[in-house]
Amino acid sequence: MFFNSIEFFIFLPIVFSLYWLIGAKNIKSQNFLIVLASYVFYGWWDWRFLSLILFSSIVDYSIGLALDKQNKSSYRKTLLWISISVNLGFLGFFKYYNFFIDSLRDSFTFFGADLNISTLNIILPVGISFYTFQTLSYTIDVFNKKLKPTKDIVGFMAFVSFFPQLVAGPIERATNLLPQFSIERKFVYRDAVNGLRQILWGLFKKIVIADNCAKYANLIFNNHTDYNGSTLLLGAFFFAFQIYGDFSGYSDIAIGISRLFGFNLKRNFAYPYFSRDIAEFWRRWHISLSTWFRDYLYIPLGGSKGGLKMKIRNTFIIFIVSGLWHGANWTFIIWGALNAFYFLPLLLTNRNRVNTDLIAQGNYFPSLKEASQMFLTFLLTTIAWVFFRADSVGHAISYLQHIFSSSLFFKFEIFPSTILILVMFFLITEWLGRSGNYALEKIDFLFKPLRWAFYILLIILMFSFTGEEQQFIYFQF
């Protein structure tokens with residue numbers, strides 16, 4: 001069930017009404033309804049995989065309680081590794097089994113030997129990477145005694161399966177979201193209005209920006225040998241805005257829907273294309289995943305406190321694992337490694353936390369230096385996106401070779417001016433609203449008729465530029 005589907009626009013009002021009318025002032029009823037609604041939401045795609053979510057929930061709920069009762073270090077570590085093995089075992093089988101078999105077989109072939117191992121016809125469960133990391137955060141935090149385990153199994157199942165962010169994040173921490181299932185939620189009109197506003201902006205990002213950019217990104221990437229370098233660069237730009245509009249749009253919708261039900265999710269995007277260097281970009285892009293890897297992988301490995309070799313090692317580990325998290329393909333691993341190369345000079349010169357403030361704070365326009373930094377960072381990011389989007393490493397290399405040829409300075413062979421104007425409108429709106437958690441958060445300063453005119457404009461644009469429905473990109477992860 002997609003957020004931008006007819007089914008969801010029927011599903012959401014029904015769940016919302018039942019939640020506040022029937023379950024009002026009864027936390028257990030509300031939590032049970034969330035679990036039921038979340039399982040319906042996920043089962044709409046394929047009900048068979050509900051067993052994975054249920055099993056992971058039961059395992060980690062039980063291990064959490066067992067950790068609380070056990071003081072012996074060796075037993076506690078055993079319990080933790082059971083949780084890690086079960087969760088990463090499921091993830092590894094469904095997402096990476098065929099990738100590793102193919103890679104192993106290719107390695108043997110390279111050395112002149114044949115390995116007769118067949119791949120399997122495995123369906124990747126939607127969102128498995130997201131809910132696996134979410135439930136793992138609970139077990140790890142309980143193990144580290146940062147969180148007391150819950151005894152409310154329904155509340156815990158609601159935390160694991162919470163439908164707004166179940167299949168594409170944000171990846172919530174148990175320390176933030178789980179306690180919200182044990183306190184009374186009250187309907188707050190202002191929060192609901194803010195939620196609807198964020199949903200509207202998220203839908204605009206997805207329907208108008210992402211889906212329309214996808215049309216041209218797909219056309220150019222799928223036929224890259226037919227176009228000159230300038231057109232291929234434009235195609236890469238289109239994909240950059242497709243993936244940003246698609247993924248940040250999903251996060252906006254998820255956060256907005258959560259507000260309708262009295263929950264506060266963590267921010268997942270903070271205008272990453274306004275970043276002045278790669279380090280700032282990664283503090284602003286997919287924040288819930290970046291901080292998850294920082295806290296549960298990078299810091300335990302030693303972070304940046306060790307010597308030069310440790311800093312380099314940990315940087316490459318964190319980015320390569322992040323690439324592998326995104327998909328079972330060497331293109332994602334190279335994408336991660338390329339970002340590590342981008343990031344490393346900043347880390348080694350202690351300039352990775354130079355740009356932590358709001359860009360052009362208090363000004364309408366960036367300085368020439370800031371504008372140059374933003375453009376260079378966006379260009380480097382776009383080049384890396386080529387590997388993310390390409391079907392294979394060979395496809396990515398060929399695409400880049402065709403970009404950086406003499407035809408880079410030729411006239412565009414595809415130039416959809418209307419879509420480019422919409423992207424500019426989108427960027428201007430984001431720039432003007434960059435001090436908020438999302439672009440429309442502080443729109444209340446506008447005179448009410450102007451504010452409503454802007455909402456209506458967004459709705460008209462969504463109906464006018466609704467093209468072929470595209471699945472959210474991050475569903476595949």
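This passage describes the overall build of one protein chain and then a few of its local sites. The model is predicted, and local features need pLDDT of at least 70, side-chain atom pairs count only at pLDDT 80 or more, and totals for chains, interfaces and linings use all residues. Residues are numbered from 1 along each chain as its sequence is written, and side-chain values use heavy atoms, with hydrogens and water left out.

The protein chain contains 17 helices and zero strands. Helices (H or I, at least four residues) and strands (E, at least two) are DSSP runs, numbered from the N terminus. The C-alpha trace spans about 70 × 65 × 45 Å along its principal axes. The radius of gyration, taken over C-alpha atoms, is compared with a globule rule of 2.2 Å times the number of residues to the power 0.38. For 477 residues a compact globule would have a value near 23 Å, and the protein chain agrees, with 23 Å.

Of the 477 residues, 55% count as buried. Buried means under 20% relative accessible area, exposed over 50%, and partly exposed in between (1.4 Å probe, protein chains only). The chain exposes about 22,200 Å², of which carbon and sulfur atoms supply 65%; accessible areas come from the Shrake-Rupley method with a 1.4 Å probe, and for residues only the protein chains shown count as cover. A contact means heavy atoms within 4.5 Å. Among contacts between residues at least 6 apart in sequence, 78% join residues at least 24 apart.

Helix 2 (residues 27-46) includes V35. This residue, V35, is buried, with a relative accessible area of 9%. Leaving aside neighbours within four places in sequence, V35 is in contact with V154, M157, A158 and S161. The C-alpha atoms of V35 and F163 are 8.2 Å apart in space, while the two residues are 128 residues apart in sequence.

V354 is found in the loop between helix 13 (330-348) and helix 14. In contrast to the buried V35, V354 is partly exposed, with a relative accessible area of 40%. Its C-alpha atom is separated by 8.4 Å from that of E280, and the two residues are 74 residues apart along the chain.

Helix 15 covers residues 393-403, and its buried residues are H395, A396, S398, Y399, L400 and I403. An α-helix has 3.6 residues a turn, so residues three or four places apart point the same way. The buried residues of helix 15 pack against helix 8 (189-222), helix 9 (229-260) and helix 14 (368-389).
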